[in-house]
Amino acid sequence: MIRKKSILNAFFLLFLIAGTIYILGCRKRPVLHTTQGPVFGTYYHISYMATGNVDSLVLERLRQVDASLSMFNSKSTVSRINRGETDRADALFCRVFALSDSVWRLTHGAFDPTVAPLVNAWGFGIRQGGVVDSAAVDSMLAFVGMDKVRLVDGRVVKADPRLMFDFSAVAKGFALDHVAALFDSLHIADYLIEIGGEVVTRGRHPEGRPWSVGIEKPADDDAARNVRVTLQFEDAALATSGNYRRYYERDGRRYAHTIDPHSGHPVQHPLLSATVVAPTCAMADALATAFMVMGADSARTIVERMPSLKAYLIMDAGDGHYDEWHSKDLHPSVP
């Protein structure tokens with residue numbers, strides 16, 4: 001009787017093992033999915049390992065950010081606030097406003113999304129412009145500054161109705177964080193999201209290696225703008241800002257798209273490109289822009305006193321040569 005019971009127990013155990021193997025064998029394994037398309041005046045490229053396609057959910061996240069923060073969407077929250085049609089901010093606007101205010105304070109005003117009127121006036125925003133005289137700059141500086149606006153119970157309170165927001169230097173990074181949060185909620189462990197050069201990575205590449213991110217040479221000529229170094233990451237959020245793509249020349253002088261909120265003029269210093277690795281891509285995006293305003297020395301000071309940040313800076317050394325600086329725990333490699 002005991003032997004018969006032992007045999008039945010053995011058969012039952014084998015049945016459980018076989019059933020478990022069958023279930024595991026039938027369970028879908030994650031496969032590589034890729035998607036890309038236009039967004040925010042640039043393009044997104046996304047790779048993720050998942051058992052099913054979630055592209056429609058990704059697009060919905062991108063639409064949410066566009067509907068809140070895009071100056072190129074006339075119906076967006078920021079566009080309507082800029083035109084004075086409403087003072088009601090949505091949830092995404094409130095989050096980006098709070099982050100912008102914290103980076104504004106951290107960088108002593110070098111990052112300031114209220115610089116929008118000056119960006120437009122110099123010809124780099126939603127409205128066309130050109131070289132601006134000092135009197136016009138001074139008049140616009142009167143309504144530029146995060147100290148001239150606040151949020152009260154979800155409503156934007158401006159000290160001057162002419163104050164406008166331009167979240168272009170943080171919206172792409174925030175959109176990446178928004179999509180990354182979606183992937184994390186779906187337990188997608190391995191992915192790379194890129195929008196216009198800003199990147200969020202998690203886990204590893206399908207080949208089992210870390211994800212590789214290229215930083216391009218800050219050359220004027222598109223043909224010469226190849227990858228200068230590559231950085232490898234598993235879990236990271238990084239953004240790059242540079243003055244070598246968007247600029248114009250007039251009367252022998254170059255005007256770069258980065259506007260100093262303090263002077264109201266395009267920046268003029270040797271820093272050509274700033275890549276920042278931060279806890280979130282929105283923060284990396286905002287800080288990369290701030291560093292382009294501040295210059296290399298001030299940028300290094302912030303990075304060296306904040307362990308959560310890393311940076312890779314490229315400076316103009318003259319005669320077509322470059323100087324570079326990077327955080328000690330960042331390891332760029334030449335491809």
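**Helix packing, sheet and hairpins**

Modeller: In this predicted model, helix 2 and helix 7 cross in a right-handed sense. Their axes come within 9 Å, and the crossing angle is roughly 145°.

Colleague: Which residues of helix 7 make the contact with helix 2, and how many of the contact residues are nonpolar?

Modeller: On the side of helix 2 (residues 55-69), the contact is made by Leu57, Val58, Arg61, Leu62, Gln64, Val65 and Leu69. Helix 7 (residues 168-185) contributes Ala171, Phe174, Ala175, His178, Val179, Ala181, Leu182 and Phe183. Sorted by class, the contact has 1 charged and 2 polar residues, and the nonpolar residues number 12.

Colleague: In what order do the strands of the open sheet lie, and which are its edge strands?

Modeller: The open sheet is formed by 8 strands with antiparallel pairing, in the order 1-2-5-6-9-12-13-14. An edge strand pairs on one side only, and this holds for strand 1 (31-39) and strand 14 (321-326). From one strand to the next, the twist averages 10°. The order is thus 1-2-5-6-9-12-13-14, and the edges are strand 1 and strand 14.

Colleague: Which strands does helix 2 touch, and what angle does its direction make with that of strand 2?

Modeller: Helix 2 packs on the sheet. The strands that helix 2 touches are strand 1, strand 2 (42-50) and strand 5 (191-195), and its direction makes with that of strand 2 an angle of about 140°.

Colleague: Across which strands does helix 8 lie, and at what angle does it run to strand 9?

Modeller: Helix 8 covers residues 281-294. The helix lies across strand 6 (198-202), strand 9 (236-242) and strand 12 (271-277), and its angle to strand 9 is about 25°.

Colleague: What is the handedness of the crossing of helix 4 and helix 8, and what classes of residue make up the contact?

Modeller: The crossing of helix 4 and helix 8 is right-handed. Leu99, Val103 and Leu106 of helix 4 meet Ala282, Met283, Ala286 and Leu287 of helix 8. The contact has no polar and no charged residues; its class count is 7 nonpolar.

Colleague: Which residues does Met294 touch?

Modeller: Met294 is placed in helix 8. Its C-alpha atom is separated by 9.0 Å from that of Leu271, 23 residues away along the chain. Leaving aside residues up to four places away in sequence, Met294 touches Thr107, Ala110, His269 and Ile302.

Colleague: Is Met146 buried or exposed?

Modeller: Met146 is placed in the loop between helix 6 (134-141) and strand 3 (149-152). Not counting residues up to four places away in sequence, Met146 touches Phe97, Ser100, Asp101, Trp104, Asp112, Pro113 and Thr114. Its relative accessible area is 2%; since the cut-off is under 20%, Met146 is buried.

Colleague: Which residue in the turn between strand 3 and strand 4 has a positive phi?

Modeller: Strand 3 and strand 4 (residues 155-158) pair in the antiparallel sense over 4 bridges, with Val152 opposite Arg155. They form a hairpin with 2 residues between them, and the turn residue with a positive phi, of about 50°, is Asp153.

Key. Residues numbered from 1 in each chain as written. Predicted model: local features only at pLDDT ≥ 70, side-chain atom pairs only at ≥ 80, totals over all residues. Heavy atoms only, no water. Axes fitted to C-alpha atoms, helices over the stretch in contact; angles between N-to-C directions. Left-handed = near helix turned anticlockwise from the far one by under 90°. Contact = heavy atoms within 4.5 Å. Nonpolar A, V, L, I, M, F, W, Y, C, P; charged D, E, K, R; others polar. Buried < 20%, exposed > 50% of the residue type's maximum accessible area, 1.4 Å probe, protein only. Pairing = 2+ DSSP bridges.
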